[in-house]
Amino acid sequence: MSDQATDFLKQYQTWAQQSWDTWMQSLQAPSPHPFQPFQRTASSPADDLLGRALGGLKSYADWLQAAATSGIVGQGQGDWQQSLRQLFTGGSQPFAQAFAGIDNASAQGFAQQWQAWLQAVQPNGFGVPPHGFGDLPGMGDIPAFGYTRERQMQQQMLADAMREYAETSARYQSLILRANAQGFEQLQEKLSKHMEPGRQVESLKALYDLWVDAAEEAYAEIALSDEFREAYGAMVNAQMRVRKLQQEQLEALCRELGMPTRSEVSALGKRVQELRREMRATTTAPAANDEVSALRAELAALKRKLASRSEPATVATKKVVSAPMDVDATRVRKSASARRATTTAPVRGAPRKRK
Amino acid sequence: MFTPLRIDPAKVLGEITAFQRKLAAGMESLRGLHEPEYANTPREAIYREDKLTVWHFKGTGKPTSKTPLLIVYALVNTVWMTDLQADRSLVRNLLEQGEDVYLIDWGYPDGADRWLTLDDYINGYLDRCVDVVRQRHGLDAVNLLGICQGGAFSLCYTALHPEKVKNLITMVTPVDFQTPDNMLSHWVQDLDADMFVDTLGNIPAELMNWVYLTLKPVRLNQQKYVSLVDIFDNRKELENFLRMERWIFDSPDQAGEAFREFIKDFYQGNKLVKGSLTIGGKPVDLGMVTQPVLNIFAEQDHLVPPDASRALGKHVGTTDYTQLAFKGGHIGIYVSSRAQREVPPAIHQWLRSRD
């Protein structure tokens, strides 16, 4: 490429960055329109969320600029393969950025929660080191003893869990990096089918799209491997262990402060749900309904018997004639009512029968 | 010798300039947009219980079908994929075909729903919803249309309550949860589901979304937003895009216990096809599904691979089994132009011949 073109591209890069910054600021400015994500002020915590939401676009913009000044553009092209490798596997390669966007969103939440926990427990004598447990190598090897034995053990378990999480997370990340490397190899393979005139790749977007196909294929291959399955499960399980231990310590703190804990609330919720099930089973069980119906019938018969003893025989005869019908009708009505109870008991506003 | 890249510097400058220009124009386009509405086909709530609502949809004409159709959606994501926008609405198209359409909207579970089990969902909520619709129409049995996880629920329900289901339609429904290409299943095989749920309680929607994004990280987290630039100047397309984003990310948390059971019994145990599944202590035997079954799946489904759905034919007891392969993906089966043309008429014709 000519020097003039190179100079232009450098100036262009500066302009493009300014354009992006302006774009982001404009989006973040207060808007009279109620589309929430773009309504936040520039100083709000939502800046980061918006940045992440548009991270994919920004990654591509960065990649475009890097590609424009790389050796893949122009007729000479020199060692275009080396330039291509640098473009897709170097520092600003788009695969890592694509993954970073979503990984950071998850990991950041975890890290923030971790920091918040540290701040919460430090003033209360839990003896958490200032930089967390990560800087306590081998702490788990020291046997706990003395008055604070139980707390020491809790902290040792937490430190071990954090170390395990760091290890499993690193293992997972190494597989992501491997997927990227293999994606580049697959891109080269795909490009080898574009050697002939007329089939060559002529735009950066076309190159990017080809790379996306290659990257996803390579990723899918690794993501379906046994190694990935084990690493993924280990990472998630390790993070859950950290969170669980963290929750236990927080609960201990809450109990000291006389606050209700999540375990207590959860236990109450479980009991309520069990009671709801029992209640529903009682009211809807056919056996229970039959028993209730039988008792009602028996009660009605007894009432009729009592009534017949205190009334003239002629009237009693009528009553006897009509009684079975009444009982029957009652039973039918009760059954229907019971059926409705099983089907519509919780209805707010009973459903209307279609005419 | 030719290289696969023939990227002209002048064209690159034009490409980048065009990208930046579209990006800048996009700022204005986005600022003027309100949050996109769903199709909101006229509907009436006929039953409410806890967080769920059963909606009855109103078409422009009277239904011609004798038997109502109850749609059972998945617990993940909201039900509005079935009524996304006026020209991409499964519900609206079914109404136009003459179906009488009901839909179970599960709502957004919170801490109070932490202990809901699959028994509560299937033998509880779903059974009562079916009873309400049966009662409204004075029928012994209704037609069920189960979607994705809701399809698995519908299969279990039909096996457990065969007398209440006249015809069963399953859409993009996993049946064999351990086909080799099922990435989601692969990832959860080593997951400690008990610790996962014991730690998190209800499973946050954001975490679920993270998992879905990592199935195709570059395509879903980067390339999709790069393509957004090409529709910035098309207000209608931009609204469609934002509506889909709303649907993807405005999703409910998962009730902890039901999630635990679903992971352990369906994904890890694959009990639905092994015949060892029990719901509420009752065995779920797909051989009990003897009513006509229409099984629709998507050939490019990355969430529920076609083979996971195809397996149904081998396990149901019916002699009237129809399979429909749709050329598209898990979402395209509802929103693509092809889907509007092919899926609702296929469902209606199949039902009509069995009404």
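Chain A has 355 residues, and 21% of them count as buried. Keep in mind that the model is predicted.

**Exercise 1. Describe the secondary structure of chain A and the range of its contacts**.

Step one: tally the elements. Chain A has eleven helices and zero strands, so its order from the N terminus reads α-α-α-α-α-α-α-α-α-α-α.
Step two: look at the contacts with a separation of 6 or more. In chain A, 61% of these join residues 24 or more positions apart.

**Exercise 2. Work out how α6(A) and α7(A) pack, and which residues meet**.

Step one: find the helices. In chain A, α6 covers residues 149–191 and α7 covers residues 204–223.
Step two: read the geometry. Their axes lie 7 Å apart, at an angle of about 130°. Because an angle over 145 would be needed for roughly antiparallel, and 65 to 115 for roughly perpendicular, α6(A) is oblique to α7(A).
The crossing of α6(A) past α7(A) is right-handed.
Step four: inspect the contact. From α6(A), the residues include A:Leu175, A:Arg178 and A:Leu187; from α7(A), they include A:Leu210, A:Trp211 and A:Ile222. The residues of this contact comprise ten nonpolar, four polar and three charged.

**Exercise 3. Decide what the radius of gyration says about chain B**.

A compact globule of 355 residues would have a radius of gyration near 20 Å.
Step two: compare. Chain B has 22 Å, which agrees.
The C-alpha trace of chain B spans about 70 × 50 × 45 Å along its principal axes, and 51% of its 355 residues are buried. Chain B contains 15 helices and ten strands.

Key:
Residues are numbered from 1 along each chain as its sequence is written. Chains are lettered from A and ligands numbered from 1 in the order in which they are written. This is a predicted model: local features need pLDDT of at least 70, side-chain atom pairs count only at pLDDT 80 or more; totals for chains, interfaces and linings use all residues. Axes are lines fitted to C-alpha atoms, for helices over the stretch in contact, and angles run from 0 to 180 degrees between N-to-C directions. Helices (H or I, at least four residues) and strands (E, at least two) are DSSP runs, numbered from the N terminus. Angles under 35 degrees count as roughly parallel, over 145 as roughly antiparallel, 65 to 115 as roughly perpendicular and the rest as oblique. A crossing is left-handed if the near helix is turned anticlockwise from the far one by less than a right angle, and right-handed if clockwise. Two residues are in contact if their C-beta atoms, placed from the backbone, lie within 7 Å. Ala, Val, Leu, Ile, Met, Phe, Trp, Tyr, Cys and Pro count as nonpolar, Asp, Glu, Lys and Arg as charged, and the others, Gly among them, as polar. A residue is buried if 20 or more other C-beta atoms lie within 10 Å of its own, exposed if 12 or fewer, and partly exposed in between; C-beta atoms are placed from the backbone. The radius of gyration is taken over C-alpha atoms; the globule rule is 2.2 Å times the number of residues to the power 0.38.
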